[in-house]
Amino acid sequence: MNEDLLLEEHLKILKLPSFLNSYQRLASESSRGNRSYTEFLACLAEEEVLRRQENAIQRRIKAAKFPVLKTLDTFDFAAQPSLNKKEILQLYDCHFIDDKMNLIFVGPCGTGKTHLSIAIGLKACTKGYKVFCDTAASLINNLMEAKNEYRFSKKLKQLSGFDLIICDELGYIPFDRQGTDLLFQLVAARYEQGSMIITTNLPFSDWSNVFHDSATAAAVIDRLVHHSVIVQIKGESFRLASKVSEKQQ
Ligand code: ADP
Ligand code: MG
């Protein structure tokens with residue numbers, strides 16, 4: 001077997017596809033550029049590492065189950081003057097996840113709560129955090145299903161593997177007693193253990209309308225808010241505003 005074929009066989013067995021793809025190109029560049037053997041190997045190893053990091057990011061983004069991908073680049077801060085851009089950029093660094101803090105976006109419909117949550121979640125994936133994104137209603141449905149199938153503790157354990165859980169749209173649908181209890185258990189399990197981002201259109205004073213009873217609402221708020229950043233967004237719906245300005249043009 002010729003040398004190249006043998007090397008390629010070995011690289012396949014070792015699962016080093018970037019080595020395989022790039023060794024000939026880098027070898028000829030290296031001989032032209034008088035690179036040392038070590039430099040040549042270092043370049044190949046770097047390509048392999050970068051590729052693996054990129055694959056890991058893509059796997060985390062897929063596992064997060066974002067309904068759509070949004071970034072801060074496409075967020076128009078000028079359209080949302082009630083937001084403190086500096087504060088959002090700080091949150092975008094994701095240090096709040098290391099500190100097991102929660103982030104709560106409160107504001108009317110269409111003001112960018114989901115957009116910002118996804119943008120921060122996406123950034124967290126690129127920084128190596130494990131993220132899971134769901135609506136409050138769907139999260140509770142999944143918890144209920146797990147409970148009914150006697151695998152609730154397993155579900156909680158699985159969710160505890162995520163560094164950040166985004167619970168979107170809390171407040172749109174009221175929960176029954178079981179839903180309220182299960183959400184409380186999730187929030188209690190994550191307290192000081194893992195971060196959550198909550199988006200809601202309801203001020204805290206109205207949360208008792210969503211939870212089955214006001215005592216549980218107070219207990220959930222207590223745990224969520226204790227170590228949290230609360231971002232209040234005011235103003236009108238971006239969707240509505242952009243439709244109006246389209247019409248005026
Ligand atoms: P909310 O979750 O507060 O109801 P969304 O984040 O879903 O609102 O925003 C509604 C739509 O408007 C989305 O398509 C979002 O990307 C867009 N949007 C909202 N605010 C802004 C903004 N300030 N800049 C750019 N797009 C925005
Ligand atoms: Mg939303």
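Colleague: What are the ground rules here?
Modeller: It is a predicted model, where local features need pLDDT of at least 70, side-chain atom pairs count only at pLDDT 80 or more, and totals for chains, interfaces and linings use all residues. Residues are numbered from 1 along each chain as its sequence is written, chains are lettered from A and ligands numbered from 1 in the order in which they are written, and side-chain values use heavy atoms, with hydrogens and water left out.

Colleague: Where does ligand 1 sit?
Modeller: In the largest pocket; sitting there means that more than half of its atoms lie within 2 Å of the pocket's grid points. A pocket is an open set of points on a 1 Å grid over the protein atoms alone where a 1.4 Å probe fits, with protein on both sides within 12 Å along at least five of seven lines; lining residues have an atom within 4 Å of a point.

Colleague: How many residues line the largest pocket?
Modeller: 21, with Gly-110, Gly-112, Thr-114, His-115 and Arg-239 nearest its centre.

Colleague: And how many surround ligand 1?
Modeller: 14, and Asp-76, Gly-110, Lys-113, Thr-114 and His-115 are the closest. A residue counts if one of its heavy atoms lies within 4 Å.

Colleague: Which polar side chains reach an oxygen atom of ligand 1?
Modeller: An N or O atom in the side chain of Lys-113 is 2.8 Å from one, and a polar side-chain atom of His-115 is 2.6 Å from one. A polar contact is a pair of N or O atoms within 3.5 Å.

Methods
A polar contact is a pair of N or O atoms within 3.5 Å; within protein, one must be able to donate a hydrogen and the other to accept it, and residues adjacent in sequence count only if both atoms are side-chain atoms.
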